[in-house]
Amino acid sequence: MSEILRVENLAKSYDGFQAVKGVSFSVKAGEMKALIGPNGAGKSTCFNMLMGQIKPSGGDVFLDGKRITGLRPRQVWRRGVGRTFQITGTYASMTVIENVQMALISHNHRIFSLLPRARDLYRDEAMALLDRVAMTAQAERPCSVLAYGDLKRLELAIALAHKPRLLLMDEPTAGMAPSARIALMQLTADIVAQEGVSVLFTEHDMDVVFTHAHHIMVLNRGELIADGNAAEVRANPQVQEVYLGGGMLFKEIENA
Amino acid sequence: MGFFFAQLLTGLSNAAGLFLVASGLSLIFGVTRIVNFAHGSFYMLGAYFGVTLMGILPDYLGSHVGFWGSIVLTGVIVGLVGALVEIVVLRPIYRAPELFQLVATFGVILMIQDLALMSWGAEDIMGARAPGLRGVFRIFGEPIPKYDIVLICITPFILIALWWLIAKTRLGILVRAATQDREMVGALGVNQRWLFTGVFALGSALAGWGGALQLPKGGADLLMDMNIIGPLFVVVVIGGMGSLPGAFIASVIISVLNVFGVTYMPQSTLVLMFVVMAIVLIFRPYGLLGKEEVAGEHGQVGAPEAPIRPFGRTGRLAVTGLLAVLALLPLVSDPFLLVLMTDIIIFALFAASLHFILGAGGLTSFGHAAFYGGGAYVAALLVTYAKAPMEIAFIAAPIGAGMLALVVGWFCIRLSGVYLAMLTLAFSQLVWSLAFQWRSVTRGDDGLINIWPSDWLSGQVPYYYFTLVIGAAGILFLRHVIHAPFGYALRAARDSARQAEATGINVKRVQYLAFALAGALAGLAGGLFVFAKGSVFPTELEIGKSFDALIVVFLGGIKTLSGGVVGAAFMATVEDWLTRMEYWRLMLGMLIIAVVILAPEGIVGSARRLGERLGLIKRAEAEE
Amino acid sequence: MNIFRSLLAAATAVTLLASPSLAEEPIKIGDINHYKRMAAFADPYRKGIELAMSQVNAKGGVLGRPMEFIFRDDQGDPGEAVKIAEELMTRDGAVMFTGAILSNVGIALSSFAKEKNYLYLAGEPLADTLVWQSGNANTFRLRVSTWVQAAMLAEAAAKTDAKTYAAIAPNYSYGTSAVEAFKTVLKQLKPDVEFVGEQWPALFKIDAAAEVQALERVKPDAIFNVTFGTDLAKFVREGTDRGLFDGRPVYSMLTGEPEYLEPLGEESPEDWIVTGYPWYDLPDGPGKTFVTDYEAFTGETPKMGSLVGYTMALSVAAAIEKAGATDTASLIKAFEGLKVPETPVGELEYRALDHQSTFGAWIGKLALKDGQGVMVDWSYKNPVAYMPSDDEIKAMRPAN
């Protein structure tokens, strides 16, 4: 499998505090990879640097071998990276399908168009995307009345609108009921399988991680301490030590 | 040397009074997030109550106790008035969009203006002199009034007292907590409502003291409420909204700069502080000591707006019907109704252009009149100097205003919320002062006159049709743009700038171009205006014009598509009717406050809600 | 859906406004003024008009019909004023309109009157351009203009041996044209004077202490003041406290008018040479009769505005009587060269040349009397001698 994302020595420091200390890893085409670690390990910082929300203090990010370090989020997106947020960011004043249409309009470079009506554009494509996430029944509902799990699925549809090669998902199942978590991740796994998109996600729920991730990376205090498949990570003594304090989580690792 | 020192002292003494009033405004904003435009009214009330008390108390308490007692008591009285205003007017609307409260404070301004006129009469009243403090000290040979020295000495005590109150008392801890996190105060089990009332009363009292303390240097008059608003907001914004030390530093900077400005650039007094404000905000967008604000916070509180949809068949019929009625109007109406309708259409277009960036864009501009008046001036200047035919000048109005908006927007769009509003205000003041002071070109406040339409449009009926066609086209165009991809991108940027950026939308560029488009259409309205009236004066660029438009957009309903247009029609009609009465400001003020309290979603929003409740309109949820 | 509400609102607007007005018997004149924004000046003005109306109508009105003024507030906004003027003329049946204090509103009304061929009589506005550079056939003006008042003060100033002057004036048209006129006339009369400083506080936003310091810094022999209202009060206070006026003659515009002088009370600056209105000191004659009548009518002492309003209303009555009709063309013809006898300032003439009346000005010295400033050693001056020559005026006025 070829590499889709390569990260080299990525670092970020705030006023002398090193949140991320020279992290290197890669994501292969068509794989689902999880980035885990205790709170404050630097996962979100890492994610935000990949997507361009935060400028790294050092290191490089390559997408398909092309350097994308320091690009703005919208530029990273244009190069084929989609993202979902820990706290959903949808357009509350639009309907479900309009949310997806908006992303399609952007994908087709028609943001500054004044002539057509936005609601008539790319309806079929938007509906197809909603179908992918089983949201067609809710297409015309105002986004503001959706249940949280539905918002997550909608966000996924938005993220798929420009046919990304890589999907970054920050805590995709946070705040969801256990059954909904499984459903959402199954959906994601199906998409990965069918469309060959790669997924990099952070996650607290070890069930989700060990069920769906092909590879797992563990970040602790800004350093990558493990990178491998489930068995390798479980066997890693450093990981065990990190998660010993977390008791519950460690048990989850044991059980998985 | 002595002269410089004397000037410095003058600056510091002016700063003392300014800080007192500004600290109250800053405190109120910090805790309640209310942009209280009525703060100047409390300052004015302080002056009037002070004058009255100083005429009474010294007879009973002796001159010294009477004078200083009057000042203390004035603050208490004004504080109580403030508490009353907070409880009656503001408390019911804390859950409305934040800037909605600003409209309510406008109502308060209007009411207090008329109430003060009723109570104290129209004539200016000289303030009493401070007993024993008449005359001057000689410092380095320069005369410094004794009272100035007293003011300078009082200020540190006020600053320390406020600091002690905020830093050392339980109330202060709650205030600080509320400044940082309003929900947390609720969680602490504190009655947030009374905390807000208390802070508002304290802030008003500070304004009242400011008004009373300036009496020995001036007096009480009916214009002082509006006159202090400019410097006040400049100080609070430069210092950082909600920051007391910031307000102090900014008061000193502004006052001292002003004193030196008076000496070395005597013509500059109109704009100096706005230039300073613009520079500070360009380099420190949140003021000297202010904290960064969460973008999109302002104007977006409350329920999100319902999804928009284009006109259905009924809607199209209604619009066509309305246009038909307007088109047939000249057949039945007297000439004046056409004049009034012309004015209303122009105002509606102006309001719709503001509504476009405010509603769909979530960008609050306090200086939109710069583009309206700007457009009018562009046309008028072309007619006056280039002898341009009316048609050319008219087309140039929106183009010129749009270019002006591109320049202003380039600086402003980087900010958001109240800071964006304040920077637009500063720029509009700059444009105003340009029109006012560049007399060789703009003829200052003598204005540009004899800007009448071409022959084929002269006369009431032709110009009415011209206005109707252009105005309706402009309004419908804006409406269409909101439905177009660009309008959707603008709303997307408002709803979630983060998601928009993460899906390829250049949020700032979208907002920048929307700002310019709104400016151009405001300029179009200005072009219609100048040929309707035949003249243009700097009044069209005044802060008051911007606020007129803001008020109607809020009254009409910010989260509705037709809010600006309906609000403008409503306001123009009501104003035309009310201004015939003696105390119309009082009534208009009460009307504004009533609409704000009873219909916090604006006229259109409330009408829609009522329609939903009565079953006349399907709920947005059910619309499939 | 929203547009349905718009329709409803507009329909309400139409029904509210479309109620027809009936033509009534009195001859109506519309007066547009800043009744709220400048209440201290507009109120006495209105009362002066009301006094004139009660007198005119007691004598049987004009052309056998009663006369009536309709008062409307324009909020000091020129655009609003123009709208109201249109309403007064087309809906309320006014035969002409009067009003304005602020010059810019007066200028807007003047341009509007010309475009629509209405007649506008400006009472208070002082701007020179109103009858000169921007003058037109449809506009007449009662009050003596800025130029003339400044020229009178300059004449007084030229008699002293002061060589260096500093000026302080509010930073808008009135202030700048007053200073310009004073400078021009004074230099004509006394070429060796020098202007060493000019201060331009924003109107009603003076930083008096700083202005006084700046004036003191240039150590002028004499001062020309144009500030008024609250600016004047603050300027006088700071200037007196800091000794700015000690040993310096001050020439001051309008300060002797009761509107501005009375609020100063016992702090009125002594020995200033001012223009104003010494109503308390007038000899027997029409001037004094007006004061007595006004006090009886209103229970208040007269202000400058009272005099202007009263005289303006009398002028309108005289013009209608002379025209024998109420159409604009006849009224304009009547106003040109109209002589109004027996006004409080004697006989007035509206000059055919520039449509300016010969209403003059009082100039005198301020003194304190019973804790109140008064004008002493005053004289009333006819303005014609202080105006530019007829040829100069003809050259200034645009051809109609």
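Trainee: How many residues of chain B are in contact with chain C, and how many of chain C?
Mentor: In this predicted model, 86 residues of chain B are in contact with 70 residues of chain C. Contact here means heavy atoms within 4.5 Å.

Trainee: OK, back to B and C. What area do they bury between them?
Mentor: About 7300 Å², with 57% of it on carbon and sulfur atoms. Buried area is the accessible area (1.4 Å probe) that two parts lose on being put together, summed over both.

Trainee: Which residues of chain B lose the most area to chain C?
Mentor: B:M126, B:F336 and B:W452, which together make up 9% of what the chain B side buries.

Trainee: And how many salt bridges are there between chain B and chain C?
Mentor: The count is 10. A salt bridge is a side-chain nitrogen of Lys or Arg within 4 Å of a carboxyl oxygen of Asp or Glu. You can look at B:R129 with C:E267, where the closest N and O atoms are 3.3 Å apart.

Trainee: Which helix gives the most to the chain B side?
Mentor: Helix α13 of chain B (residues 335-360), with six residues touching chain C. Helices (H or I, at least four residues) and strands (E, at least two) are DSSP runs, numbered from the N terminus.

Trainee: How does that side split by class?
Mentor: The chain B side has 39 nonpolar, 24 polar and 23 charged residues. Ala, Val, Leu, Ile, Met, Phe, Trp, Tyr, Cys and Pro count as nonpolar, Asp, Glu, Lys and Arg as charged, and the others, Gly among them, as polar.

Trainee: Where does chain A come in?
Mentor: No contact joins chain A and chain C, and their closest C-alpha atoms lie 16 Å apart. Two pairs of chains are in contact, and chains B and C share the most contacts.

Trainee: Switching topic: what domains does chain A have?
Mentor: Domain 1 (1-80 + 164-256) and domain 2 (90-163); such bounds come from an automatic or database domain assignment. Their centres, taken over C-alpha atoms, are 26 Å apart. The contact takes 19 residues from domain 1 of chain A and 16 residues from domain 2 of chain A.

Trainee: What do those two domains bury between them?
Mentor: Domains 1 and 2 of chain A bury about 1400 Å², 66% of it on carbon and sulfur atoms. In domain 1 of chain A, A:W77, A:R78 and A:P164 lose the most area to domain 2, together 40% of what that side buries.

Trainee: How many salt bridges does the rule find across that interface?
Mentor: One. As for a pair to inspect in chain A, A:R132 forms a salt bridge with A:E195, the closest N and O atoms being 2.9 Å apart. The rule also finds six residue pairs in polar contact between the two domains of chain A, both residues at pLDDT 80 or more.

Trainee: And chain C, what are its domains?
Mentor: Domain 1 (23-145 + 285-359) and domain 2 (147-280 + 361-386), with C-alpha centres 28 Å apart. The two domains of chain C bury about 1800 Å², of which carbon and sulfur atoms give 64%. C:F41, C:V144 and C:M304 supply 25% of the area that domain 1 of chain C buries against domain 2, more than any other three residues.

Trainee: How many salt bridges between the chain C domains?
Mentor: The rule finds two. In chain C, the side chains of C:R143 and C:E257 meet in a salt bridge at 2.4 Å, N to O.

Terms used: Residues numbered from 1 in each chain as written. Chains lettered and ligands numbered in written order. Heavy atoms only, no water. Polar contact = N/O pair within 3.5 Å; in protein donor to acceptor, adjacent residues only side chain to side chain.
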